[in-house]
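Work through the exercises below with the sequence and the model at hand. Each task is followed by its solution.

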Amino acid sequence: AKILALHGPNLNLLGVREPDIYGRETLADINAGLAEQAQAAGHELSWYQSNAEHELIGRIHQARDDQTALILCNAGAFTHTSIALRDAFAAVAIPFIEVHLSNVHAREPFRHHSYLADIAVGVVSGFGSDSYRLALDAAIRRLARPEA
Ligand code: DQA
């Protein structure tokens, strides 16, 4: 099946950006690892990063047309602000897993609320780049179930 890794604002700076919080792996490293992990399980992973809310929304809409089965989404700060992203996920009705490198609940109070979490399949937060790997593992298991 097709899986999309969707990365929001500032995640293009991974590896350079606040490495104590977000680690030293770049987004390219993470995407390459995810593509390999997906392929090994017989799936096809593509990825998209944008700093712009409307581009992310456009990519979510496109995911309906290109038969994407599941989305891994780290919406960055838009997690905490964007009703529009939430509405896009609700509109396409594609299951998605919310991902964060950092443990958002151990950080500033404004990161504790997510506009996406309650309509997500689940949330993985706090394991650095392993958050993506764990989320993809959960996605692969879900896609293997007949009802998924
Ligand atoms: C983040 C957490 C968000 O609060 C923050 O705005 C980010 C990254 C994470 O992966 O830990 O940009 O989504």
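**Exercise 1. Determine the order of the elements and judge how compact the protein chain is.**

Step 1. Read from the N terminus, the protein chain runs β-α-α-β-α-β-α-β-β-α. Helices (H or I, at least four residues) and strands (E, at least two) are DSSP runs, numbered from the N terminus.

Step 2. The radius of gyration, taken over C-alpha atoms, is 14 Å, close to the 15 Å of the globule rule for 148 residues, so the protein chain is as compact as a globular protein of that length. The rule is 2.2 Å times the number of residues to the power 0.38.

Step 3. The elements come to five helices and five strands, and the C-alpha trace spans about 40 × 30 × 25 Å along its principal axes.

Two remarks on the source apply throughout. The model is predicted: local features need pLDDT of at least 70 and side-chain atom pairs count only at pLDDT 80 or more, while totals for chains, interfaces and linings use all residues. Residues are numbered from 1 along each chain as its sequence is written.

**Exercise 2. Describe how helix 3 and helix 4 are placed relative to each other.**

Step 1. Two packed helices are described by the angle between their axes and the distance between the axes.

Step 2. The axes of helix 3 and helix 4 (residues 83-92) come within 9 Å and cross at roughly 5°. Axes are lines fitted to C-alpha atoms, for helices over the stretch in contact, and angles run from 0 to 180 degrees between N-to-C directions.

Step 3. Helix 3 and helix 4 are therefore roughly parallel, a term for angles under 35 degrees.

Step 4. Helix 3 contributes E53, L56, I57, I60, H61, A63 and R64 to the contact, and helix 4 contributes A84, L85, A88, F89 and V92. Two residues are in contact if their C-beta atoms, placed from the backbone, lie within 7 Å.

Step 5. By class, this contact has nine nonpolar, one polar and two charged residues. Ala, Val, Leu, Ile, Met, Phe, Trp, Tyr, Cys and Pro count as nonpolar, Asp, Glu, Lys and Arg as charged, and the others, Gly among them, as polar.

**Exercise 3. Is G8 buried or exposed, and which residues does G8 contact?**

Step 1. G8 lies in the loop between strand 1 and helix 1.

Step 2. G8 has 23 other C-beta atoms within 10 Å and is therefore buried. The cut-offs are 20 or more for buried, 12 or fewer for exposed, and partly exposed in between, with C-beta atoms placed from the backbone.

Step 3. Neighbours within four places in sequence aside, G8 is in contact with L56, N74, A75, G76 and F78. L56 also belongs to the contact of helix 3 with helix 4.

**Exercise 4. Which residues surround the ligand?**

Step 1. The ligand is surrounded by N10, N74, G76, A77, T79, H100, L101, S102, V104 and R111; a residue qualifies if its C-beta atom, placed from the backbone, lies within 6 Å.

Step 2. The shell divides into three nonpolar, six polar and one charged residue.

Methods:
Parallel < 35°, antiparallel > 145°, perpendicular 65-115°, else oblique.
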